[in-house]
Amino acid sequence: MPAVQPVAVPAPAAVPRPRASAEPSSTAPRRGLPFWTGLLPVLTALALATRLPSFLRPLWNPDEGFLATQARMLAQGAVLYRTVVDRKPPLLPWLYEACFRAFGDGSLLPVKGLAVAAQLLTAVLLASLARRRWGACAGRTAGVLYLLVSIGLEPEDAQAATFEVFAVPWTAAAMWCADRGRWGRAGLATAAALLTKQTGGAVLAPVLLLLWTARPGPPDGRVRRGTAALAAGLTLPVAAVAWACGPARLLFWCVTGSGTYASVDGTVGASAARALTNAAVLSTSCAGLLAPVCLLLLARRRFAPPDLWLWLIASAVAVTTGFHFFGHYYLQLIPPLTLLATAALHALPEAARRVAAGLSALSCAAFLTAGLVVTPPELPHSLRVADAVRARTAPAEPVLIWGMHPEQYWFARRPPAGRFLTAGLLTNYSGGRDASAVGEAYGVPGGWPVLRRELRARPPALVVDDSRGRPYAVARVPTLRAFLRRGYARVGSVEGAVLYARR
């Protein structure tokens, strides 16, 4: 009897393995419950604790003052980019305005509460990203580390409820959506980041990288469909905002009208010093994050995917935009740096995670203490100027404050005499710029004719020259000097700020 030949059975087709740390499915909700129920209270407490100093001062920097004055004008009928102007996109001014309409315009506490929520949301999104990629322990690490280092700059930069604080959750949301292949939503989040601050759009670079390298699916069809969804999600909100504000005005104030402001003329020395100083401050506060990253880089070990490196690089390019290097610009670097550090810690022994957490906690304690004891340097002066303005004017009388602290309008509760809230818009002055590129010729194109018309139509009851010897002093501004000479007399001074009343 012939031997029976064995029948070759083909091996089963290889089945792609899901990520071991993927989010729990909707059919098994209890698997994800312990993670978030344990982590969310911790993150909430950290977000509140780290931003406690923001509630202890009326405001922390002139950006908050600008937004508060602008929002009060908007709530009283002004029109953004027409009768009140700034070089920033509209989402945050509208948010301030909504808070003022809902809670009154005498306090920034509601906006500061929203800033806590923004930081908490960023931490949650980073925790979810890290958990999906490297597991639950990495998720907890990312969320906690982000909040510990999120205040690692000078308090007036880290504690203020300004543009970067509200842009970073949108950038994290864009990466969160892209990581899951939700390209339309990634486009929406990118648009929101861009409309909060122009540099928020830098997150588009890593989102595109994720789109081009995503799996599964045929590359051509997947990229084509994803690109269409991403483009729609990005362009439709921007188009809607442009329609609401006026496309030409939005383009001018957010892009084309800032050429002299973005120039390096007159800023090289101060900008270089500021860049190095703020980079050193952030590096110190983020030592617990940088150490594991540098350790693995020196060992030439691959530990993080390319999209995280691109996110960090794109954010660094965003920080350099305009060559001003203000401290709050660096906040945009913290989310990608947190995920890179989490990836590095995932590849290192458990002891490295404890060291990173300890260093970050020490840094957080130092910067939190600074925020609790430090007063913004110009706040007392602004309060005294506002008191003087309020004492010499009636509530409805317009005032012109020639300076770089628009919060003085807000503290004084007096309407500005025109749409330009700072001397910087009309002279190109910014912190650290020398006199070589400051003056009427360097201001926003067309700004001075508009100001002259506004001053003729509605002369201010009081003019405050708060230049205090800086390059935009009235003596260097012929139009304003002639305007004061024709109709105003000096009536007093407050700590170097000179007051002129109409004759």
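Predicted model: local features only at pLDDT ≥ 70, side-chain atom pairs only at ≥ 80, totals over all residues.
The side chains of Asp105 and Arg413 form a salt bridge, with an N to O distance of 2.9 Å. Polar contacts across the interface of domain 1 and domain 2 amount to seven residue pairs, both members of each pair being at pLDDT 80 or more.

## Elements and residue classes on the domain 1 side

Three helices, α2 (62-75), α11 (247-254) and α12 (268-285), each contribute at least two residues to the side of domain 1 that touches domain 2. The greatest contribution to this side comes from α2, which supplies eight residues.

Sorted by class, the side of domain 1 that touches domain 2 consists of 15 nonpolar, twelve polar and seven charged residues.

## Domain division and extent of the interface

The protein chain is divided into two parts: domain 1 comprises 36-214 + 224-373, and domain 2 comprises 377-502. A distance of 32 Å separates the C-alpha centres of domain 1 and domain 2. At their interface, 34 residues of domain 1 are in contact with 30 residues of domain 2.

Between them, domain 1 and domain 2 bury about 2,500 Å², and carbon and sulfur atoms account for 63% of this area. Within domain 1, the residues that lose the most area to domain 2 are Phe66, Thr69 and Arg72, which together make up 19% of what that side buries. Phe66, Thr69 and Arg72 fall within the range of α2 (62-75).

Technical notes. Residues numbered from 1 in each chain as written. Heavy atoms only, no water. Domains from an automatic or database assignment. Contact = heavy atoms within 4.5 Å. Buried area = accessible area lost by both parts, 1.4 Å probe. Salt bridge = Lys/Arg side-chain N within 4 Å of Asp/Glu carboxyl O. Polar contact = N/O pair within 3.5 Å; in protein donor to acceptor, adjacent residues only side chain to side chain. Helix = DSSP H or I, 4+ residues; strand = E, 2+ residues; numbered from the N terminus. Nonpolar A, V, L, I, M, F, W, Y, C, P; charged D, E, K, R; others polar.
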